[in-house]
Amino acid sequence: MSHTWIKKPSHTKKKSTFKCPDCGAACRISQTKILSATYKEFYASCSSDKCGGRYVFGSEPVRVLTPSQTPNPNITLPLHDHNQDTSPSANIEKEQSC
Ligand SMILES: [Zn+2]
């Protein structure tokens with residue numbers, strides 16, 4: 001199974017999208033903190049018993065690829081510059097599979 005950044009089935013429940021920065025194992029999210037309309041933090045612990053690391057991951061949208069049909073008036077996100085992105089996969093760092 002190869003991961004691509006474009007096609008991710010959004011309705012498939014995935015346990016976690018975060019990997020331990022130290023050992024690379026999947027992290028289990030124990031708590032989600034919503035800090036603003038766009039910014040969330042995830043409290044996660046590494047699933048590896050040997051590692052035992054715990055981390056706070058941040059998640060926020062950085063740019064808009066396609067504007068929403070129902071935009072949130074409280075947020076303003078910069079538009080993605082499509083002109084500088086002629087080959088979307090060229091500079092994307094692919095998610096490593098373990
Ligand atoms: Zn770990």
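1. Start with Ile75. This residue is found in the segment after strand E3, which spans 54-59. The model is a predicted one, and residues are numbered from 1 along each chain.

2. Is Ile75 buried or exposed? Ile75 counts as exposed, because it has 12 C-beta neighbours inside 10 Å.

3. Which residues does Ile75 touch beyond its sequence neighbours? Leave aside those within four places in sequence, and Ile75 is in contact with Ala37 and Thr38.

4. Now the protein as a whole. It has three strands and zero helices. Read from the N terminus on, the elements run β-β-β. The protein has 98 residues, and buried residues make up 4% of them. Take the contacts between residues at least 6 apart in sequence: 29% of these join residues at least 24 apart.

5. Next, the sheet. The three strands form an open sheet, and its order is E1-E2-E3. The pairing is antiparallel. Strand E1 (27-34) and E3 stand at the edges. Each has a single partner strand, so one side of each is left without a neighbour in the sheet. From one strand to the next, the twist averages 25°.

6. Look at E1 with E2. How many bridges join this pair? E1 and E2 pair in the antiparallel sense over seven bridges. A hairpin joins E1 to E2, and it runs through five residues.

7. Then E2 with E3. Strand E2 covers residues 40-46. It pairs with E3 over six bridges, in the antiparallel sense. Several opposite positions can be checked by eye. Lys40 stands opposite Ser59 in E3. Glu41 stands opposite Gly58 in E3. Ser45 stands opposite Arg54 in E3.

8. Last, the cover on E3. How many of its six residues are buried? The count is zero, and E3 is hardly covered. E3 also stands at an edge of the sheet. For the protein, the buried share is 4% of the 98 residues.

Note on methods
This is a predicted model: local features need pLDDT of at least 70, side-chain atom pairs count only at pLDDT 80 or more; totals for chains, interfaces and linings use all residues. Helices (H or I, at least four residues) and strands (E, at least two) are DSSP runs, numbered from the N terminus. A residue is buried if 20 or more other C-beta atoms lie within 10 Å of its own, exposed if 12 or fewer, and partly exposed in between; C-beta atoms are placed from the backbone. Two residues are in contact if their C-beta atoms, placed from the backbone, lie within 7 Å. Two strands pair if DSSP finds at least two bridges between them. Axes are lines fitted to C-alpha atoms, for helices over the stretch in contact, and angles run from 0 to 180 degrees between N-to-C directions.
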